[in-house]
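Please look over the sequence and the structure before reading on.

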Amino acid sequence: INAEYMGAADAGETAARVQRVVGLFRHLVVQRLPPGVLVPSEKDPCSHHDGGDGQRVFSPIQGVLCPGNHAVLALAAHLRRAGYNVLPVRSPTVPRGEERVRICLHAHNTEEELRGLVSSLKAFYDEGGAAVETSRL
């Protein structure tokens, strides 16, 4: 959204809120999910940039890896049933083995929503849902 439309002060506050939401999401994923499922910043150049003040600024579009087209479709369906609007990103859009769900975070997302999303992700991984495609290799 154009900062002129929102007002410069509002835009700055909204951007700061988005960064807090993204930071909490990334923290919860690293804390509760298996290692390596969060698309690392170093691997995805679109996931961060320098905000001009030397601070890392993460994109509100986050990726959670779930290798295999069948597995990522199953994860996206699992999350949609739980009430989360996520999209699967499948091969060949991304290299085989790097399939992921695309999660768009917003300034209005609450801590409760983020915890619920991460709990739904954890349930999928705990139930072995990510092994769907692995068994086909």
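## Terms and model

A residue is called buried when its relative accessible area is under 20%, exposed when it is over 50%, and partly exposed in between, with a 1.4 Å probe and protein chains only. Because its relative accessibility is 13%, Ser 120 counts as buried.

This is a predicted model, in which local features need pLDDT of at least 70 and side-chain atom pairs count only at pLDDT 80 or more, while totals for chains, interfaces and linings use all residues. Residues are numbered from 1 along each chain as its sequence is written, and side-chain values use heavy atoms, with hydrogens and water left out.

## The chain as a whole

The protein chain has four helices and five strands, which are DSSP runs numbered from the N terminus (H or I of at least four residues for helices, E of at least two for strands). Along the sequence they follow the pattern α-α-β-β-β-α-β-β-α. Of the 137 residues in the protein chain, 35% are buried. Among contacts (heavy atoms within 4.5 Å) between residues at least 6 apart in sequence, 67% join residues at least 24 apart.

## Helix α3 and its buried face

Helix α3 covers residues 69–81, and its 13 residues should span 18 Å at 1.5 Å a residue, which agrees with the 18 Å between its end C-alpha atoms; the expected span is 1.5 Å times one less than the number of residues. Its buried residues are Ala 71, Val 72, Leu 75, Ala 76, His 78 and Leu 79. Seen down the axis of α3, these residues fall within an arc of 160°, so they line one face of the helix; the arc is that of the directions from the helix axis to the C-beta atoms.

What covers the buried residues of α3 includes β4 (87–89), β5 (100–104) and α4 (111–126). Ser 120 is found in helix α4, and, leaving aside residues up to four places away in sequence, Ser 120 touches His 78, Leu 79, Ala 82 and Tyr 84. Just after α3, Gly 83 takes a positive phi of about 100°.

## The largest pocket

Gly 83 is also one of the residues that line the largest pocket, together with others including Tyr 84, Ile 103 and Glu 113. A pocket is an open set of points on a 1 Å grid over the protein atoms alone, where a 1.4 Å probe fits, with protein on both sides within 12 Å along at least five of seven lines; lining residues have an atom within 4 Å of a point. α4 gives the most to this lining, with three residues.
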